[in-house]
Amino acid sequence: MYKRQLQMCPGLYDHHCGMGRPGGFVERLYGGTYIGHVIEHVTLELLTRVGYRANFGKTRNAGRPGLYDVVIEFETEEPARYLLEEAVKLVDACCKGLDFPLQSVLEEAQRLRGIYDLGPSTAAIVEAAQRRNIPVRRIAGSLVRLGTGRYRKYVQATMTHSTSGIAVDIASDKALTKQLLQQAGIRVPRGRVVKTLEEARHAFSQLNTTVVVKPFDGCQGRGVSTHIDTLELLEDAFAFAAYDSAPVIIEEYAPGRQYRLLVVGEQFVAAAERIPAHVMGDGEHTIRELIDLVNAQPERGDDHEKPLTKIAVDEVVQRFLHLQKRTLDEIPARGEMVLLRDSANLSTGGIAVDCTDQVHPVFAQMAIRAARTIGLDVCGVDLIVPDIQNPRDADHAVIIEVNAAPGIRMHHYPSQGAARDVGAAILESMYPKGTTARVPIISITGTNGKTTTTRMIRHILRYAGYHVGMTSTEGVYIGDERVLSGDTTGPQSAELVLSDPTVDVAVLETARGGIIRGGLAYDVADVGIVTNVAMDHIGQDGLQTLEDILHVKALVAECVKKSDGAVVLSADDPELVKLAQRLKSKVIFVSTASSNPMITRHLACGGQAYYVREGWMIEAAGALEWKIARIQDFPITLQGTALFHVANALCAIAAARHLNISRKQCALALTQFRSDLHNPGRINIFRMPSGRYVISDYGHNPDGVRVIGEMTSRLMGKKVPAVIGFPGDRDDAVLAEAARMAVKYFGPLVVKEDLDTRGRERGEVAALLVSEIRKVAPEMPVHVEYDEREALRKILQLYPDEPLILMFHEHLQGIRDVLLEQGGQEVYALPDLKPVAAISAM
């Protein structure tokens with residue numbers, strides 16, 4: 001098996017496979033490795049064989065034997081997906097000793113490249129953007145988005161965000177273009193637009209010179225006939241041009257050499273002499289055979305896939321040879337140039353010779369004036385002149401065409417002369433050097449607290465005057481408007497924010513599921529936050545341990561700017577302390593206690609931290625400290641009892657401060673951040689007519705139950721009645737631990753179920769929870785009511801004298817409706833309850 005694979009893909013011998021040297025993969029292959037790993041490397045090799053740069057791959061077991069997740073680096077998705085599927089077939093064929101059509105697979109991949117790869121013009125601009133670290137996102141076809149948020153701009157081929165639509169329309173109208181150029185004093189060939197042969201004869205008679213006949217809206221030299229000097233040739237040329245376009249242009253033939261001058265942002269940047277498709281005779285081969293030899297050159301391909309295009313033997317070539325009284329079967333003399341077309345388009349097999357440095361300023365200025373007249377920011381000016389170095393030939397120069405979206409392949413890959421980085425010039429016209437193309441990105445993840453932290457950061461930044469784009473578990477917000485509802489914490493939602501041209505800063509709640517299924521929507525963030533890591537989602541997406549969860553969420557911390565970014569981590573979480581040791585970006589620690597030894601050590605090393613001391617939130621850098629605000633001034637902390645919200649606020653302040661928001665602005669913003677107005681679903685408080693309170697929260701895992709239980713203990717000093725229920729897609733062990741945690745802090749209990757059972761049978765989760773509760777607390781009263789609204793009604797009825805009841809909800813609105821029906825009022829504080837213990841008093 002391995003021998004056949006290596007025979008078909010000998011490049012596998014060069015694969016390192018993490019061993020740091022060529023041959024590493026072959027050692028693994030013969031030493032024994034899993035089949036997904038083999039498929040990964042075969043795919044990378046096939047991608048390399050068809051011309052892609054593909055070096056990264058990773059394979060992991062997907063939860064059961066024989067099932068793997070294979071990640072492959074690619075430039076274009078469609079060819080890569082095809083080759084990945086074919087790699088599976090190749091490896092299978094080798095295992096079974098069957099033949100595999102490798103050559104036809106590679107040819108099909110090349111065909112897909114021709115269809116789906118970016119064209120050379122767009123690719124050149126994209127490469128320039130990547131060199132400058134400007135974000136690039138391919139939208140569809142050759143449409144590419146550069147930059148993010150308010151700096152977002154589009155480019156397609158060489159049409160940019162600033163290209164005028166009316167200028168493109170003008171350039172597409174050859175007659176109107178000539179009219180405007182002529183009015184601007186720029187010399188153009190005399191001519192007319194005609195619709196009938198009779199009009200063509202009349203125009204030819206009036207011009208009284210050799211003419212060119214071409215379609216009114218043609219391109220790439222199609223339907224063009226030159227050197228027309230008789231009525232007989234005119235009639236034939238008119239029919240040839242009218243086949244592609246009803247209106248036809250008759251204009252005087254301008255003798256001279258053909259040049260393309262490129263203007264970008266009213267600056268002359270490159271020029272090339274364009275030489276029509278031709279062959280050089282060798283005295284042995286026919287013209288047809290010479291064309292085949294030229295087309296076999298490696299730099300020639302179909303359409304625009306390579307620096308040069310193959311010469312097509314079409315009707316235009318045959319007509320042009322006929323005018324020269326030549327045939328394809330003729331053998332030209334050695335050294336004789338045989339022109340195959342008169343038009344010099346690269347797309348029809350012509351070549352380009354760079355002459356940028358030879359262009360006299362008078363001709364460069366002529367091109368600039370032409371582009372300015374039409375109104376194009378990127379403009380290809382086709383000029384015919386005897387000698388572009390000789391200013392005395394200016395009176396003989398004519399502009400025959402002005403091109404919107406000019407191809408720049410000829411400048412990047414001239415057949416002779418220096419290559420000109422026109423893509424970089426176009427990019428610089430969009431993003432001058434020294435300007436930014438990115439809005440700041442703050443990305444937040446963690447097991448618990450990420451939604452609240454995200455909302456706090458948005459609130460602070462809006463208070464500071466920023467137009468914020470935010471993704472969260474309740475929807476996507478652009479400024480004050482919720483533009484998309486639902487759990488929008490994946491890359492598609494983040495992409496929505498990053499592509500909005502009104503966004504000043506992006507605040508992205510980034511959840512585990514989105515990371516696993518689609519990765520991140522950005523390359524690097526300015527701030528990455530990991531609030532905490534706890535047992536949740538075990539058994540989902542291949543996650544089996546706490547280390548697995550950390551591995552996924554660590555991506556947010558790892559994809560942060562190395563030079564001026566920051567990662568905010570909780571020093572109270574041992575797993576995050578370990579994570580900090582391997583990060584390359586600046587780390588900012590937060591803690592609810594100034595006595596945390598990690599904080600002390602971090603500050604001693606000159607680090608930055610945010611923590612709590614004597615009821616104050618403190619910012620510290622090295623030996624310096626600044627007070628930000630008292631905890632009790634932040635309503636969301638419930639007088640310091642909601643310690644987890646204190647931690648969330650510290651993370652939010654750390655992120656905002658890294659974006660240079662002042663300490664005063666952070667403090668003032670969070671004094672106005674309220675659960676009822678700004679944090680739905682998290683510690684929402686309702687005061688009932690009797691004076692008692694109901695607190696509702698989306699506590700959906702053991703750690704969430706724990707921190708809320710600690711909060712109610714600080715408030716009441718005892719257990720409080722609670723309605724509990726947890727998502728059905730959690731592992732049984734996680735659900736059991738959540739039940740045990742509920743018993744520790746709450747009681748009596750009413751067990752409910754989520755409306756969405758997430759793959760479980762109705763009653764299954766409730767039964768598991770009740771069973772675990774009775775194991776650890778057989779004396780505790782436990783009631784079951786599947787519907788969470790009915791469960792709430794039941795606990796209110798059963799325990800009317802309890803001053804505080806806790807409700808773990810699935811959907812807040814249903815709970816809110818029940819409480820409002822019973823006369824409840826949503827509030828943001830507990831003024832009637834004096835906490836037994838609070839961090840603000842510590």
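This is a predicted model: local features need pLDDT of at least 70, side-chain atom pairs count only at pLDDT 80 or more; totals for chains, interfaces and linings use all residues.
Residues are numbered from 1 along each chain as its sequence is written, and side-chain values rest on heavy atoms, with hydrogens and water left out.

The C-alpha trace spans about 110 × 70 × 55 Å along the principal axes. Of the 842 residues, 55% count as buried, where buried means under 20% relative accessible area, exposed means over 50%, and partly exposed lies in between (1.4 Å probe, protein chains only). Contacts are defined by heavy atoms within 4.5 Å. Among contacts with a separation of 6 or more, 66% are between residues 24 or more positions apart. The accessible surface amounts to about 36,100 Å², and carbon and sulfur atoms account for 50% of this area; accessible areas come from the Shrake-Rupley method with a 1.4 Å probe, and for residues only the protein chains shown count as cover.

Charged side chains comprise 93 positive and 104 negative groups, and the centres of the two sets are 5 Å apart. Lys and Arg count as positive and Asp and Glu as negative, while His and the chain ends are not counted. The charge is placed at NZ of Lys, CZ of Arg, CG of Asp or CD of Glu.

A search of the whole structure returned four cavities of 30 Å³ or more. A cavity is a set of points on a 1 Å grid over the protein atoms alone where a 1.4 Å probe fits but cannot get out, and lining residues have an atom within 4 Å of a point. Grid points are joined across faces, edges and corners, and a volume is the space filled by probe spheres set on the points. The largest cavity has a volume of about 100 Å³. Twelve residues line the largest cavity, and V224, S225, T226, V316 and F320 lie nearest its centre. Two or more lining residues come from each of β9 (225–228) and α12 (315–323), with α12 giving the largest share, four residues.

I311 is located in the loop between β15 (308–309) and α12. I311 counts as buried because its relative accessibility is 4%. Beyond its neighbours within four places in sequence, I311 contacts A277, H278, I291, V294, N295, R300, L340, T348 and G349. The C-alpha atoms of I311 and L820, which are 509 residues apart in sequence, lie 78 Å apart. L290 belongs to helix α11 (residues 287–295) and is buried because its relative accessible area is 5%. Its contacts, residues up to four places away in sequence not being counted, are V279, M280, G281, D282, H285 and P332. L290 and L328 are separated by 38 residues in sequence and by 9.5 Å between C-alpha atoms.

Y610 lies in strand β28 (residues 608–613) and counts as buried, because its relative accessibility is 0%. With residues up to four places away in sequence excluded, Y610 touches I588, F589, V590, S591, I618, E619, I628, L650, I653, A654 and R657.

R187 occupies the loop between α8 (174–183) and β7 (191–194) and counts as partly exposed because its relative accessibility is 41%. R187 and D395 are 208 residues apart along the chain, yet their C-alpha atoms are separated by 8.1 Å. Outside four places in sequence, R187 is in contact with D395, H396, A397, V398 and I399.

Some backbone geometries were also noted. Most residues other than glycine have a negative phi, and most peptide bonds are trans. A157, in the loop between β5 (153–156) and β6 (159–160), has a positive phi of about 55°; A157 counts as partly exposed because its relative accessibility is 25%. N208, in the loop between α9 (197–207) and β8 (211–215), likewise has a positive phi, near 55°. N208 counts as exposed because its relative accessibility is 66%. A cis peptide bond with omega of about -5° joins G747 and P748, and P748 is placed in strand β34 (residues 746–751).

Note on methods: On a 1 Å grid over the protein atoms alone, a cavity is a set of points where a 1.4 Å probe fits but cannot get out, and a pocket is an open set with protein on both sides within 12 Å along at least five of seven lines; lining residues have an atom within 4 Å of a point.
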